[in-house]
Structures are given as C-alpha cells and as structure tokens.
Amino acid sequence: MTAHIYVHIPFCKSRCIYCDFFSTTDVGLISRYVDSVCHEARERRNELQGQRVTTIYIGGGTPSLLQSQDVVQLMDCLRSCYDVDNNAEVTIEMNPDDVEAQHHSSLIANLPSYFNRVSLGIQTFDDGLLRMLHRRHDANTAINAVNTLHKHGINNISIDLIYGLPGQTMQIWEHDMDTAFGLGMQHLSAYALSYEPGTALSRLRDDGTITPVADESMAEMYDKLCERAEAEGFCHYEISNWARPNYASRHNSSYWYGHPYIGLGPGAHSYDGQRTRRANKSSLHDYMQRSNTTNDWFVLEHLTDIDAYNEAAMCGLRTASGIDIEAISATFGCERVDYLLHAADTHVRAGNLLLANGHLRLSRNAIMISDSIMADLMAIE
C-alpha cells in the first residue's frame, strides 16, 4: 500500500468569515515554523516503515505565503526523510492574490520544480461575495492567477468554489461555473457553505445580518453543477469533487480509501492504515516549543471494529464507486455485511442507494441527503 504526506501551514494574512481551520495571522513566524515542521518530519521518518510516498499535499491556512527558500527547505526535507516516488502528485494550496503578487518571484518561477499540482482557493468570481467573505482577491485576480500558473508550466490546476453563499443567486452561480470551466482547469472542488460554530459567518447569521440560502436553492445549484460538469467532460468521482479523466486528486482519494498518511504541523492528523489515528494539538506555541515542554502535543486514538467499519462505510459512500461489499466482508466479516445491507434496504427500495456489481453507492438524487443516509448505515454495536 502507498503512503501520503500532508503538511499544514497555519498562517493567513487575514481570516475568512467561514473558516474554522486552525490558523494564525502571525506570519512573522513562518521561517521558524518551517524549521519545526522539518524537525517533526525527521522525528517521524521511520513511521511509514519504508512505504513509498505517492502524494504530498501542502495545505492550510495559506501555504502561498511561504517564501521560495521555505519551500526549498521543506520539500528537500520531506524527500530526504521519506521514500517519495519520482512520479508523486505534489500539491500546494495557493491564494490567487499571492500568485499575482509573486508573479515574477523565484517561488512562482520555480514552482514546477517542486509541485505538479496547484489548488486555488477562489470560492466565487463575484466581487461582492468575495468582499463579504473577507477574501483578499477579486475576480480578475483569480482569473489572472490561473493564467499565470499555466504560463509557468503548472498543467494540473484545481479550483475551489462554494455554493449557497448569502446573496448568491442562480445567475451568479452560473457565472461562477462559466468562468471556472472557461479557464482550462483540470479539477474542481465545490462545497456547500456550512455555518461552523464560532465562526464570524455563524455570528452574522445568528444576529440576522445575513440570511442563509434555502436548502432547495442549494440543491438546485448542486444539480446545475453536476449537469454542467458532466457536459464539460468532468468525472464526478466524489460528492464534492469533479475531474477531467486521469486528474482525480490522488491525495484526497487516499483519505477515502483508507491509505496510511502522515500529517505534519499543529492540528494535522495522521493514520497508520490500520487502527491508529494521531492528531497533533492545535497550538502553534506548543508545537514550536515541544522539545522544551513536558506537555503532550499530540493524541492517539485506537479505532474499534465499529469505528473502523463506520469510517469505511462513510468514506466509501462519498465516492462514485461506493462501498465495496467484498472489502467490508473481508475486513469485518459476513455479519457486518448483513447489517449493512439490512440498514441500506429502505434506501435501496426508495432509489436513494444503488446496489450493483458488489458495490453500494448513492444515486445522484440522494447526494443532498447523503448525511442522513450515512447515519442510517452506521453501527452502534
């Protein structure tokens, strides 16, 4: 089995109102932080037990705040500590305004030397909505960023969009889709806006400043996207992800199929591919001072059979291929398969789940109610 690496870069110039990821605006610490990540990588260099790393993902936060020397240090360290495949998929998340601000910098010029895939956090091409979200870029900057990456030899570009934004009409959403598909991207991630507890967005909703989009409108936006992506030749390989043939995210797919991965940085998670998960605590101070403190800076979780089955069922149902019945049987036994099929029966008869070729998968019409269907398939004993 292959292995994977995720590196969390928890720095942002400012926080978007919907974000609940661990991050800080203290960008002056970036160089010291990269030193700390490299220290963790060296500490954990034997953890993958010689498994070949086939994907690396630098996420955040805002990894595009890294300077060229930071990227060189980080990527050279990862390749020295782990057995990274020469054809590994190596992704960095970037903000459009950082791409344009560094258009002529050594970071952008040398980007293809270290990364063969870029994920751009665009969210929308509507300037009013971008201001409402506290994004730092405008629509023209986003468009120019894609063109700049193409000019510098990045031929695998993923774009993130959000639907269901307050004030986002179907006309705005269709303009977002027109613009995104017109830019020659290879991959699209599109997410329904969620109101996470403690975010500025949730507070604006709670005090009546903004009004959430109706569920029916969000479902219509999703349906329109499915239709448009199919017409553009994109495969709908996971609930929130579409790709041109052979451009599905190998890194994200590793999570859904239960491959082992190491997560580096505060708030990052790891999984051994068996039954043990590790979560680094979300404290930048503790993380950077961990060699000088007796405080635990990560926690371990050992999955029970029920935990592991529930994760396999949930992740499998997110994918286009669905839950592999034979794999469930091989890992958890025939009784668990009987439980799964019994729990799924009502949804199969209703047409929400499709059972064919040894797989149980969501029908297209059921994707918007997938959370409740997944809940029905979960085991409690």
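This briefing covers the nonpolar cores, a surface patch and the salt bridges of the structure above. The model is predicted. Its largest nonpolar core has 90 residues, and a search of the whole structure finds 17 salt bridges.

**Nonpolar cores**

- Within the largest nonpolar core, the residues that touch the most other members are Leu-78, Tyr-82 and Leu-120.
- Leaving aside residues up to four places away in sequence, Leu-120 touches Met-94, Asn-95, Pro-96 and Val-99, as well as Ala-145, Val-146 and Leu-149. The list of contacts of Leu-120 also includes Ile-157, Ser-158, Ile-159 and Asp-160.
- Another core, of 11 residues, lies apart from the largest one. Cys-16, Leu-129, Leu-193 and Tyr-195 are among the members of this other core.

**Nonpolar surface patch**

- Leu-341, Val-348 and Leu-355 make up a nonpolar patch on the surface. Together they have about 210 Å² of accessible area.
- Leu-355 belongs to strand 14, which covers residues 353–356.
- The relative accessibility of Leu-355 is 46%, so Leu-355 counts as partly exposed.

- Arg-228 and Asp-178 form a salt bridge in which the closest N and O atoms are 2.5 Å apart.
- Arg-228 lies in helix 10 (residues 215–231) and Asp-178 in helix 8 (residues 170–181), so this pair ties together parts that are 50 residues apart in sequence.
- Arg-228 counts as partly exposed because its relative accessibility is 23%. Asp-178 also counts as partly exposed, with a relative accessibility of 42%.

- Asp-345 pairs with Arg-349 in a salt bridge, with 2.8 Å between the closest N and O atoms.
- Both residues lie in helix 15 (residues 334–349), where Asp-345 and Arg-349 are four residues apart, about one turn of the helix.
- Asp-345 has 34% relative accessibility and therefore counts as partly exposed, whereas Arg-349, at 61%, counts as exposed.

**Salt-bridge network**

- In the salt bridge between the side chains of Arg-44 and Glu-40, the N to O distance is 2.8 Å.
- Arg-44 and Glu-40 are both buried.

Definitions and conventions
Residues numbered from 1 in each chain as written. Predicted model: local features only at pLDDT ≥ 70, side-chain atom pairs only at ≥ 80, totals over all residues. Heavy atoms only, no water. Core = buried A, V, L, I, M, F, W, Y, C linked by side-chain atoms within 4.5 Å. Buried < 20%, exposed > 50% of the residue type's maximum accessible area, 1.4 Å probe, protein only. Contact = heavy atoms within 4.5 Å. Patch = residues over 30% accessible without salt bridge, like charges linked within 9 Å, V, L, I, M, F, W, Y side chains within 5 Å. Areas by Shrake-Rupley, 256 points an atom, 1.4 Å probe, with all protein chains shown as cover. Salt bridge = Lys/Arg side-chain N within 4 Å of Asp/Glu carboxyl O. Helix = DSSP H or I, 4+ residues; strand = E, 2+ residues; numbered from the N terminus.
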